Amino acid sequence: MTAGEIGAGAPTLPARPRRRALRAGATTVLIVLCAAIMLMRAGAAETHAQDALESTPQAGTPVTLEAVAINGTEGASIPEGLIVTLQVFDSEDTELQRLEAEAGGDGRVSFDGVIADREVTYTLSAAHNDVRFFSVPYISTIERQGPPELLIYELTTDPSVIHIIGDSSAITPVRDDTGILRVLQVTTYENTSDRAYVGQDPLNTRLTVQLPLPAMAFDLESVHNPGSLVLAPESRDVYSIIPVMPGVEEYIVTYGVLYTTNVFAWSKTYPYPAQVVRLLVPGEITYRPGPAWVHMADSEVSGETYARYEIASLPAGETVSGVLADLPLSAGARSRSLEGTLRTAALGVVTAALIAAALAVYWTRYLRRRARPAPAVEPDLLQERREEALRELARLEDARESGEITQEEYDTASRSHRDLLRRIFDGGRAQ
């Protein structure tokens with residue numbers, strides 16, 4: 001297997017068969033089994049029947065195992081010198097044997113000295129165009145029609161051959177205060193061509209299909225093929241690195257969604273056309289759907305009621321959205337809320353104290369100004385004011401005597417000057 005070789009349909013060598021990966025993720029698989037009724041999973045398999053019959057290897061001495069490699073792309077044949085690998089595993093998925101043989105022009109390949117003295121599992125694989133293709137596992141004690149088969153395909157990078165038959169996301173009930181929503185997602189892709197889809201990646205890291213995921217998704221795990229998901233370095237989108245075989249392929253993933261308040265904006269963009277999109281929400285959470293969502297009949301699984309929403313016939317590039325509300329606050333959020341309340345109360349107390357202090361200072365200064373005696377007037381200034389008042393009174397006397405103003409006008413105009421002279425006189429007597 002070359003450095004650029006990637007797997008198709010099963011883990012790459014020397015990994016064990018797919019059922020071992022499922023066993024390693026036992027906890028997640030339990031979730032899958034619990035939600036299977038809701039998620040309406042779709043699947044299909046394509047096989048090529050052979051006319052020849054072969055008996056199950058008999059227990060005892062090593063046997064010769066006949067197999068056949070088939071090119072599933074129309075008009076294509078088995079390449080010359082194709083090396084087929086046979087792996088033999090016991091019931092504990094421990095590899096017992098690995099053999100290699102070259103396929104003939106008709107695709108037939110023969111392995112000598114194959115273990116057959118116990119129940120074992122046979123898995124075939126071969127590298128073609130830098131992609132390693134795997135067969136389904138064959139159990140030695142189960143009779144089969146014809147020899148074990150290994151399907152290989154030519155490749156395509158045309159994304160138009162990829163469609164999403166269904167994308168179902170189930171939010172599991174929240175049972176803690178971590179502030180994390182756990183989501184189980186089943187996305188079923190269909191490759192409508194007769195070639196293996198390997199994607200278009202200029203960095204040649206063989207990114208294949210992109211997974212539609214909501215914002216803030218993290219802790220992503222592939223259930224059926226652990227380690228097969230990668231994060232694109234530039235776009236930050238999540239891709240599978242396993243080619244999509246012709247027909248239907250199902251991707252089962254789990255992930256977490258971090259929320260910081262009691263609401264979360266659920267939004268997903270679909271990179272390929274999607275026939276049906278589903279969202280299942282547990283009873284304790286409210287979903288406020290965006291446009292195009294249809295509220296279907298609720299589903300009940302293991303005593304839990306789920307609200308089910310669906311959207312049909314989404315074009316590629318479409319974004320669906322809604323708001324998850326009434327989320328239970330996490331311990332951290334409650335702590336921050338309490339801290340904010342205490343901070344607001346403390347600021348209110350400090351502000352009130354500052355206002356009270358400012359009023360007290362103002363009132364004190366006001367009372368002091370009221371109690372403070374009028375400042376003493378300098379003698380020279382008093383003298384100047386007295387002389388000015390006397391001059392003005394003399395002028396008004398002359399005007400009255402000459403008839404320029406009446407007595408009444410005189411009384412009015414002279415009153416302020418007489419009052420000033422009276423105050424100056426009284427102040428001089430007091431001193």
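Me: How many aromatic pairs does the count come to?

Reply: Five aromatic pairs. The rule takes rings of Phe, Tyr and Trp (its six-membered ring) and pairs them if their centres lie within 6.5 Å. Planes under 30 degrees apart count as stacked, over 60 as edge-to-face and the rest as tilted. This is a predicted model: local features need pLDDT of at least 70, side-chain atom pairs count only at pLDDT 80 or more, and totals for chains, interfaces and linings use all residues. Residues are numbered from 1 along each chain as its sequence is written, and side-chain values use heavy atoms, with hydrogens and water left out.

Me: What describes a pair of aromatic rings?

Reply: The distance of the centres and the angle of the planes. Take tyrosine 189 and tyrosine 251: 5.1 Å centre to centre, 85° between the planes, edge-to-face. Tyrosine 189 is in strand 12 (residues 180–191) and tyrosine 251 in strand 17 (residues 247–258), 62 residues apart. Strands here are DSSP runs (E, at least two residues), numbered from the N terminus.

Me: Why is the pair of tyrosine 189 and tyrosine 272 edge-to-face?

Reply: Because the planes stand at 80°, with the ring centres 6.1 Å apart. Tyrosine 272 lies in the loop between strand 18 (264–269) and strand 19, so this pair ties together parts 83 residues apart in sequence. Ring pairs link Tyr189, Tyr251 and Tyr272 into a cluster.

Me: Is tyrosine 189 buried or exposed?

Reply: Buried, with a relative accessible area of 0%. Buried means under 20% relative accessible area, exposed over 50%, partly exposed in between (1.4 Å probe, protein chains only). Tyrosine 251 is buried too. Tyrosine 272 also counts as buried, at 7%.

Me: Which side chain makes a polar contact with the side chain of glutamate 310?

Reply: That of arginine 278, at 3.3 Å. A polar contact is a pair of N or O atoms within 3.5 Å; within protein, one must be able to donate a hydrogen and the other to accept it, and residues adjacent in sequence count only if both atoms are side-chain atoms. Arginine 278 is found in strand 19 (residues 274–282). At 12% relative accessibility, this arginine counts as buried.

Me: How do strands of a sheet pair?

Reply: Through backbone hydrogen bonds, either parallel or antiparallel. Two strands pair if DSSP finds at least two bridges between them.

Me: How many bridges join strand 2 to strand 5?

Reply: Five, and the two run antiparallel. Strand 2 covers residues 63–71. Leucine 65 stands opposite phenylalanine 111 in strand 5.

Conventions
Helices (H or I, at least four residues) and strands (E, at least two) are DSSP runs, numbered from the N terminus.
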